[in-house]
Amino acid sequence: MRPQDAVERALALSRADECVVIADEASTANLRWAGNTLTTNGVTRSNRLTVIALRHTAGGVAAGVVSRSAVGADGIEDLVRAAEADAAGNEPAEDAAPLVTAAASANWDDDPAETGIGVFEGVAPALGEAFAAASAADRRLYGFANHELTSTFVGSSGGLRLRHDQPTGLLELNAKGSGGSAWTGVGTADFADVDVPALAADLSRRLDWGERRVDLPAGRYETILPPSAVADLMIYLYWSAGAQDAQDGRTVFSAPGGGTRVGAKLADLPVTLSSDPAAPGLECAPFVIAHASSRDSSVFDNGLALGRTDWIADGTLAALTQTRLSAERTGLPLTPAVDNLTMTGPDGGASLEDMVARTERGLLLTCLWYIREVDSQSLLLTGLTRDGVYLVENGEVVGAVNNFRFNESPVDLLSRLTEVGSTGPTLPREWSDYFTRAAMPALRVPDFNMSTVSQAS
């Protein structure tokens, strides 16, 4: 059964007062390689059907939500009844709101989008050439490429019929040799923009840097964070920017004495952190898709239109992620979360290479990993550096140094920036399983806190 037909059947079977149904149909293609050899490839398919049954009561509206994978035509009624039973046992939902109405998607009836191994047509031969070059240099390449195409159909008893096709791709490439290890990665919608020779050349250069080793103690160092590391920090900031938690005094975005810090200055430099469903190369769903309710999302908001939102505008906190419930409580505009993130600074930001060339003495990172929150009130994070920390002296990289554990708050870091580079698409290393659509600049921080030396290598 086609996913949109499953939506229609579930709605027809529903006995609830109101009903929302979400059908997700996904296909995934992948390549993996190790030791300069392709090891596996394959294509998989999956589907999920979510039924949200709403029961009107004297005290409000109770919601029952049940989601299952691989539901066939004969399993839809059981799923609908399970959602209705869940609603019957629940109290009225705090986030209850009228269901959204919108014009139907023009391509609602089209077959689901589908990917296949052919998406790697230009990547696989280039990888073969990179493997040969690495072998000749006594180095080894490891990594994987993954492409997923998910068609999501959202329908409701109120007439909502919205569809979105989301491509999500990434390639991660790791090189190992006598110069240690080096990593690079890219996010992509279709792999047409993935330049494997350029990625391999960057790794080769980093391994050359790693042939000289320098041990450094823990401390605060002038540090250049490349876009990937910036993405990991800013995505965590974004995930922590829920309006409800801020209003309740739980986060770094809570104002002393109550309310939120919207309107507060966070950075002296005019940095902007924004999301836009139509951002070129980072396109994502232009409406809310909520499979469950939480403090930051609401099943009642399914279908709400999304547009560009500036979370930080010219250094000032401008918005927090909102549901209709939190927007009512905070008195702030309704700004639901969007599935991409872009950071920009002053016009004409320098390239990463130019930032390195202007560094008298400092560190150049590759990426961060094992990031964990230490304190929500300051958004203090800890984690480790990985796959290359390099010492820069007089504008040149002079060698690789040991890894560190860091302790930094991305919010506090914003207040200490001394330079923001040019913005471009990047892949977060830590969060690439969950968030691939990001565009970030490199950042210069005069006193990044490398709290301890790490034995990780």
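Predicted model: local features only at pLDDT ≥ 70, side-chain atom pairs only at ≥ 80, totals over all residues.
Residues are numbered from 1 along each chain as its sequence is written. Local features need pLDDT of at least 70 and side-chain atom pairs pLDDT 80 or more, while totals for chains, interfaces and linings use all residues, and side-chain values use heavy atoms, without hydrogens and water.

Visitor: How much area do domain 1 and domain 2 bury between them?

Guide: Buried area is the accessible area (1.4 Å probe) that two parts lose on being put together, summed over both. Contact means heavy atoms within 4.5 Å, and 16 residues of domain 1 are in contact with 14 residues of domain 2. Carbon and sulfur atoms carry 49% of the buried area, which comes to about 1,200 Å².

Visitor: Which side chains meet in a salt bridge?

Guide: The rule asks for a side-chain nitrogen of Lys or Arg within 4 Å of a carboxyl oxygen of Asp or Glu. One such bridge is found across the interface of domain 1 and domain 2. At 3.9 Å, N to O, the partners are Glu 172 and Arg 429.

Visitor: And which element gives the largest share of the side of domain 1 that touches domain 2?

Guide: Helices (H or I, at least four residues) and strands (E, at least two) are DSSP runs, numbered from the N terminus. Strand E5 (161-177), strand E6 (180-188) and helix H4 (196-209) each supply at least two residues of that side. The largest share, seven residues, comes from E5.
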